[in-house]
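Here is a short briefing on one protein structure. Look over the sequence and the model before reading on.

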Amino acid sequence: MYVWALEQKNSRRGWDETSQQDVMVPWTTREGSKEVTYQRYYHLFRKGELEDCIATAGGIVLEGGYEKDNWWAIVRRQPES
């Protein structure tokens with residue numbers, strides 16, 4: 001599982017811990033001969049937030065980390081009792 005990280009101070013986006021977590025990000029695509037820009041919603045995850053969401057949903061984080069402006073986790077479901 002990959003999610004965008006809030007901590008991207010050194011990237012071209014420049015987000016950091018003081019930035020808003022819920023943002024609209026432009027996405028430009030070509031439709032026929034015309035270039036069109038859409039706004040995409042993103043929630044930027046703080047350090048530890050992905051793991052908290054996984055645990056709340058009943059999952060277990062097997063591995064996790066930070067890579068190229070993303071938080072990532074390898075997850076499995078909790079065994080049923």
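The points below cover the sheet, the hairpin, the helix, the salt bridge and a surface patch.

This is a predicted model, in which local features need pLDDT of at least 70, side-chain atom pairs count only at pLDDT 80 or more, and totals for chains, interfaces and linings use all residues. Residues are numbered from 1 along each chain as its sequence is written, and side-chain values use heavy atoms, with hydrogens and water left out.

**The three-stranded sheet**

- Three strands form an open sheet in the order S1-S5-S4, with antiparallel pairing. Strands are DSSP runs of E with at least two residues, helices are runs of H or I with at least four, and both are numbered from the N terminus. Two strands pair if DSSP finds at least two bridges between them.
- Strand S1 (2-4) and S4 are the edge strands, and each pairs on one side only.
- Neighbouring strands in this sheet are turned by 25° against each other on average, direction ignored. The axes are lines fitted to C-alpha atoms, for helices over the stretch in contact, and angles run from 0 to 180 degrees between N-to-C directions.
- S4 and strand S5 (residues 70-77) run antiparallel and are joined by eight bridges. Gly64 stands opposite Ala73 in S5.
- Tyr66 sits in strand S4. Tyr66 is partly exposed, at a relative accessible area of 39%. Buried means under 20% relative accessible area, exposed means over 50%, and partly exposed lies in between (1.4 Å probe, protein chains only).
- Tyr66 and Tyr2 are 64 residues apart along the chain, and their C-alpha atoms are separated by 9.4 Å.

**The hairpin**

- Strand S2 (residues 22-31) pairs with strand S3 (residues 34-43) in the antiparallel sense, over 10 bridges.
- The two strands, S2 and S3, form a hairpin with two residues between them. Gly32, in the turn, has a positive phi of about 70°.
- Trp27 has Tyr38 in S3 as its bridge partner. Met24 has Tyr41 in S3 as its bridge partner.

**The helix**

- Helix H1 spans residues 49-56, and Glu49, Leu50 and Ile54 are buried in it.
- Asp52, Ala55 and Thr56 are exposed, on the face of H1 turned away from its buried side.

**The salt bridge**

- The whole structure holds one salt bridge by this search. The term means a side-chain nitrogen of Lys or Arg within 4 Å of a carboxyl oxygen of Asp or Glu.
- Lys9 and Asp16 meet through their side chains in a salt bridge (3.3 Å, N to O).
- Lys9 is exposed, with a relative accessible area of 58%. Asp16 is buried, with 12%.

**The surface patch**

- Met1, Val61 and Val75 form a nonpolar patch on the surface, together showing about 240 Å² of accessible area. Patch residues have over 30% relative accessible area and no salt bridge; like charges are joined within 9 Å, and nonpolar side chains (Val, Leu, Ile, Met, Phe, Trp, Tyr) within 5 Å. Accessible areas come from the Shrake-Rupley method with a 1.4 Å probe, and for residues only the protein chains shown count as cover.
- Val61 is found in strand S4 (residues 59-67). Val61 is partly exposed, at 31% relative accessible area.
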